[in-house]
Amino acid sequence: MKGVHFLAAFGLLVLAFTLASAFDPSPLQDFCVAINDTKTGVFVNGKFCKDPKLATAEDFFFRGLNKPGNTANQLGSKVTPVNVLQILGLNTLGISLARIDFAPYGLNPPHIHPRGTEILTVLEGTLYVGFVTSDNRLITKVLYPGDVFVFPIGLIHFQFNVGNTNAVALAGLSSQNPGVITIAKAVFGSNPAINPDVLVKAFQLDLNIVKQLQSKLWMDNN
């Protein structure tokens with residue numbers, strides 16, 4: 001009888017741990033507002049799925065990552081993403097890729113990926129890379145061809161070509177849609193603009209400087 005009670009208690013314990021370990025799936029977009037009328041629903045967490053019987057090789061294929069990106073811009077860099085928007089077969093697989101091209105002294109500016117950790121390897125050139133931790137500590141490294149560096153999910157990070165030649169890197173990300181928020185553009189180039197008084201207080205800047213920064217054309221490099 002004791003054995004029966006033990007098995008019953010053990011079963012309840014296992015069930016409790018199973019329920020306790022349950023969690024919502026990671027979001028695959030910035031937000032997903034719930035609706036009560038399913039007929040007007042547009043998005044799911046990810047994309048709607050094709051019937052597997054109708055899948056073809058083209059659903060898992062992308063061509064062109066060997067082509068250099070156009071770095072003739074203010075930043076001197078170009079990101080070529082290969083995520084679920086380019087390869088539909090990546091849906092639900094939790095992985096994506098990007099090629100990053102740098103002109104001499106080009107910069108992939110401080111940014112975050114809200115939904116993915118990034119692992120980067122340098123193919124050509126020399127990159128000064130780094131990220132800032134949640135306790136405001138800067139971790140940096142100079143990378144050479146063949147070197148690999150990891151940027152943890154959600155942390156501000158950057159890559160800067162410190163050489164006088166072009167540089168190329170490949171980055172893998174742990175989401176089919178990792179997202180990217182470029183810090184300067186988000187703060188000074190949001191639409192609509194953030195109240196300048198907020199930025200004056202936050203950055204301890206003169207109001208005219210804030211307005212000047214907000215008037216700039218903040219570009220994307222992807």
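Let me start with strand β5, which is joined to strand β8 (residues 157–161) by 5 bridges, the two running antiparallel. Strands here are DSSP runs of E with at least two residues, numbered from the N terminus, and two strands pair if DSSP finds at least two bridges between them. Before going on: this is a predicted model, in which local features need pLDDT of at least 70 and side-chain atom pairs count only at pLDDT 80 or more, while totals for chains, interfaces and linings use all residues. Residues are numbered from 1 along each chain as its sequence is written, and side-chain values use heavy atoms, with hydrogens and water left out.

Back to the pairing. Within β8, His157 is the bridge partner of Phe131. β5 (residues 127–132) also runs antiparallel to strand β6 (residues 138–143), with 6 bridges between them. Here Tyr128 stands opposite Val142 of β6. The β5 and β6 strands form a hairpin with 5 residues between them, and in its turn Asn136 has a positive phi of about 70°.

Next, Asn108, which sits in strand β3 (residues 107–112). Is Asn108 buried or exposed? Asn108 is buried, at 6% relative accessibility; buried means under 20% relative accessible area, exposed over 50%, and partly exposed in between, with a 1.4 Å probe and protein chains only. The Asn108 side chain has a polar contact of 2.7 Å with the side chain of Gln159, and another, of 2.9 Å, with the side chain of Asn221. A polar contact is a pair of N or O atoms within 3.5 Å; within protein, one must be able to donate a hydrogen and the other to accept it, and residues adjacent in sequence count only if both atoms are side-chain atoms. Not counting residues up to four places away in sequence, Asn108 touches several residues, including Val79, Ile100, Phe102 and Phe158; contact means heavy atoms within 4.5 Å.

Now a loop position. Ser175 lies between β9 (167–173) and β10 (181–182). With a relative accessibility of 4%, Ser175 is buried too. Which residues does Ser175 contact, leaving aside neighbours within four places in sequence? They are Leu28, Gly94, Ile95, Ser96, Arg115 and Gly116. From Ser175 to Leu93 the C-alpha distance is 7.6 Å, although the two are 82 residues apart in sequence.

Last, Ile119. This residue belongs to strand β4 (residues 118–124) and is partly exposed, with a relative accessible area of 44%.

Terms used
Helices (H or I, at least four residues) and strands (E, at least two) are DSSP runs, numbered from the N terminus.
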